[in-house]
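This briefing concerns the structure displayed below. It begins with a matter of helix geometry and then turns to the overall fold and to individual residues.

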Amino acid sequence: KVPSKTPTPATFSDQSQALIPAEVRMISGCDDKQTSADVSNIASVSELPDPAGRSGEAMTSVLLDILQSSTTTSSFQKTLVELRGRLGDEGFSQIPQLSSTRPLDVAETPFELSKG
């Protein structure tokens, strides 16, 4: 029997941890085939304090607004679903994506900007 060239999940996990020792999670502004939109006035998509008509990235502005207005910690899944929904409600077609260097239970893992 010819050995498979596809690594097993355990092998892949071990290899990725050896190559990338840090635990990193990233939300990108859109899918690879899309362009992440800018807004000319942040206040048009969020309630951030004193945006003073400044321009910025639509996804970042909405995410910061979600985090600032939340009184509890949500999971990665709930945060991403709310982010996608709010962007869609504002007329943006971009679909933010989540990437992680480690397996992640998106339904249970709290969304935090930093630990500790």
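How are H2 and H3 oriented to each other? The model in which this is examined is a predicted one. The axes of helix H2 (residues 58-69) and helix H3 (residues 76-89) cross at roughly 125°. Angles over 145 degrees count as roughly antiparallel and those from 65 to 115 as roughly perpendicular; H2 and H3 are therefore oblique to each other.

**Packing of H2 and H3**

- The two helix axes come within 10 Å, and the crossing of H2 and H3 is right-handed.
- On the H2 side, the contact is made by Ala58, Met59, Val62, Leu63, Asp65 and Ile66.
- On the H3 side, the contributing residues are Thr79, Glu82, Leu83, Arg86 and Leu87.
- Sorted by class, the contact of H2 with H3 comprises seven nonpolar residues, one polar residue and three charged residues.

**Overall architecture**

- The protein contains three helices and four strands, and their order along the sequence follows the pattern α-β-β-β-α-α-β.
- Of the 116 residues in the protein, 28% are buried.
- The accessible surface of the protein amounts to about 8,000 Å², and carbon and sulfur atoms supply 53% of that area.

**Phe76, a residue of helix H3**

- Phe76 belongs to helix H3 and has a relative accessible area of 5%; since buried means under 20%, Phe76 is therefore classed as buried.
- Leaving aside residues up to four places away in sequence, Phe76 touches Arg25, Leu98, Leu104, Val106, Thr109, Pro110 and Phe111.
- Phe76 and Glu108 are 32 residues apart along the chain, and their C-alpha atoms are separated by 7.6 Å.

**Leu113, a residue after strand S4**

- Leu113 lies in the segment that follows strand S4 (97-100).
- Is Leu113 buried or exposed? The relative accessibility of Leu113 is 68%, and the cut-off for exposed is over 50%, so Leu113 counts as exposed.
- The C-alpha atoms of Leu113 and Leu67 are 9.5 Å apart in space, while the two residues are 46 residues apart in sequence.

Note on methods. Residues numbered from 1 in each chain as written. Predicted model: local features only at pLDDT ≥ 70, side-chain atom pairs only at ≥ 80, totals over all residues. Heavy atoms only, no water. Axes fitted to C-alpha atoms, helices over the stretch in contact; angles between N-to-C directions. Parallel < 35°, antiparallel > 145°, perpendicular 65-115°, else oblique. Left-handed = near helix turned anticlockwise from the far one by under 90°. Contact = heavy atoms within 4.5 Å. Nonpolar A, V, L, I, M, F, W, Y, C, P; charged D, E, K, R; others polar. Buried < 20%, exposed > 50% of the residue type's maximum accessible area, 1.4 Å probe, protein only. Areas by Shrake-Rupley, 256 points an atom, 1.4 Å probe, with all protein chains shown as cover.
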